[in-house]
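The entries follow the order in which I looked things up.

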Amino acid sequence: RHCEAIYWRSNLKHEKGVNMRFVKKEVGYLDGIMVLLLAIAGNLGVQLLAGIIVGAGQTSNYAQLVCMIIFQLVFLAVPVIYYSAKKIRPALAFPVNKPRPSLALAPLLPVISMFGFMLPALLFETLLINNGYKPSGLEFSGAGETALAAIATIILAPCAEELIFRGFLLSGLKKEFNTYIAALMSALAFSLMHMNPEQTIYQFFLGYVCALAAIKSGTLLAPIIVHAGSNALAMFADGTIMKFVQAVTRNTVSTVLGTAGLFIAAAAAVWGVCMLMELINRKCKKENKENKKDADEHANAENTDSEKEKKSGNRKTGLMLYVGSLGICAVMWIFVFVAAML
């Protein structure tokens with residue numbers, strides 16, 4: 001009887017463990033897009049909250065910074081809520097907990113991006129301004145506002161946004177599309193999601209650089225570093241960057257040649273750094289064997305006809321959801337643009 005009691009207790013414990021534990025599963029194609037949709041819904045919710053605060057007459061920098069922090073916290077909560085509801089513990093394609101030697105190259109990418117891709121972004125912003133657009137800006141005064149801004153833009157934003165767009169969306173898109181097409185799709189969603197017209201061009205380039213960094217480094221820490229570095233440069237080195245821009249854009253000829261030349265040089269430099277990241281990672285034989293094994297298992301799991309049919313259906317459904325999510329962002333982008341023109 002004693003042995004039988006132990007047996008039943010162990011069985012009960014095992015069953016409870018199965019019910020309570022989350023099943024570990026890779027981020028799926030549709031899951032990544034659903035997380036994007038939920039993130040956009042959260043974004044709109046925070047926008048509504050910000051509108052209520054402004055309507056109540058609270059337009060101080062502190063109020064806007066608090067909204068920015070809430071926005072990033074909502075982003076962090078989105079995958080937690082989604083995967084908790086599905087009882088899944090997501091296994092990201094680009095894990096956060098495996099730093100690699102190639103991460104040492106990541107800080108180069110925000111510097112290259114800022115000086116190489118800022119000019120096209122500023123030219124686009126100038127075009128908007130010349131057509132009556134009034135850019136939004138938030139100036140900080142005092143240590144308190146600066147500290148809140150740093151928390152929102154340098155700490156929370158890189159972690160939350162890279163988790164959504166590279167950790168979940170890019171991981172899912174890579175299951176159905178070519179790696180570089182998936183990177184472009186994640187960059188486009190990243191750019192439009194901000195719903196900020198003057199930032200559209202630079203955010204797209206930054207999003208693509210972050211996607212490449214994630215792909216070639218194999219860790220989500222790389223795009224987090226790139227994103228944080230870019231925001232830090234924009235926040236603390238704005239004066240230096242604007243002096244550089246003024247030096248390059250002294251006349252029409254220098255503006256055209258400087259913009260094109262810097263863009264090409266930056267694109268080549270970003271590609272070179274990312275390829276060097278991949279080369280460094282390949283030297284780790286243990287990681288190569290694990291990656292090859294995972295790739296073989298993944299390929300074997302998708303060979304049946306029924307799975308191919310399901311994959312085709314998922315592709316169409318996912319594309320509809322992806323285009324729909326971009327459509328929502330585009331509508332909000334137009335709304336912000338028109339409001340800034342009034």
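In which hand does H4 pass H9? I found a right-handed crossing of H4 and H9; a crossing counts as right-handed if the near helix is turned clockwise from the far one by less than a right angle, and left-handed if anticlockwise.

Ground rules. I am working on a predicted model, in which local features need pLDDT of at least 70 and side-chain atom pairs count only at pLDDT 80 or more, while totals for chains, interfaces and linings use all residues. Residues are numbered from 1 along each chain as its sequence is written, and side-chain values use heavy atoms, with hydrogens and water left out.

Overall make-up. I listed 12 helices and 2 strands for the protein, taken as DSSP runs numbered from the N terminus (helices H or I, at least four residues; strands E, at least two). Along the sequence I read the pattern α-β-α-α-β-α-α-α-α-α-α-α-α-α. Of the 342 residues, 40% count as buried (under 20% relative accessible area; exposed is over 50%, partly exposed in between, with a 1.4 Å probe and protein chains only). I then took contacts (heavy atoms within 4.5 Å) between residues at least 6 apart in sequence: 85% of them join residues at least 24 apart.

H4 and H9. I returned to helix H4 (residues 108-130) and helix H9 (residues 238-248), whose axes come within 11 Å and cross at roughly 65°. The axes are lines fitted to C-alpha atoms, for helices over the stretch in contact, and angles run from 0 to 180 degrees between N-to-C directions. H4 is therefore roughly perpendicular to H9; that word covers 65 to 115 degrees, with under 35 roughly parallel, over 145 roughly antiparallel and the rest oblique. From H4, Met114, Phe115, Met118, Leu119 and Leu122 meet Ile241, Met242, Phe244, Val245 and Val248 of H9. I sorted the residues of this contact into 10 nonpolar, no polar and no charged (nonpolar: Ala, Val, Leu, Ile, Met, Phe, Trp, Tyr, Cys and Pro; charged: Asp, Glu, Lys and Arg; polar: the others, Gly among them).

H5 and H8. The axes of helix H5 (residues 143-173) and helix H8 (residues 221-236) are 8 Å apart, at an angle of about 155°. That makes the two helices roughly antiparallel, and their crossing is right-handed. By class I noted 12 nonpolar, 4 polar and 2 charged residues in the contact of H5 with H8.

H7 and H10. I found the axes of H7 and helix H10 (residues 252-282) coming within 8 Å and crossing at roughly 20°, so H7 and H10 are roughly parallel. The crossing of H7 and H10 is right-handed. H7 residues including Phe205, Val209 and Leu212 take part in the contact with H10, where the partners include Phe263, Val270 and Trp271. The contact of H7 with H10 holds 10 nonpolar, 2 polar and 2 charged residues.

Core. Which residues touch the most other members of the largest nonpolar core? Among its 69 residues, I noted Phe75, Leu109, Phe165, Leu173 and Val270. Such a core is a set of buried Ala, Val, Leu, Ile, Met, Phe, Trp, Tyr and Cys residues joined through side-chain atoms within 4.5 Å. Leaving aside neighbours within four places in sequence, I found Phe75 in contact with Ala39, Ala160, Glu161, Ile164, Phe165 and Met193.

Pro101. I placed Pro101 in the loop between strand E2 (88-91) and H4. Pro101 is exposed, at 63% relative accessible area. Between Pro101 and Ser217 I noted 116 residues of sequence separation and a C-alpha to C-alpha distance of 8.9 Å.
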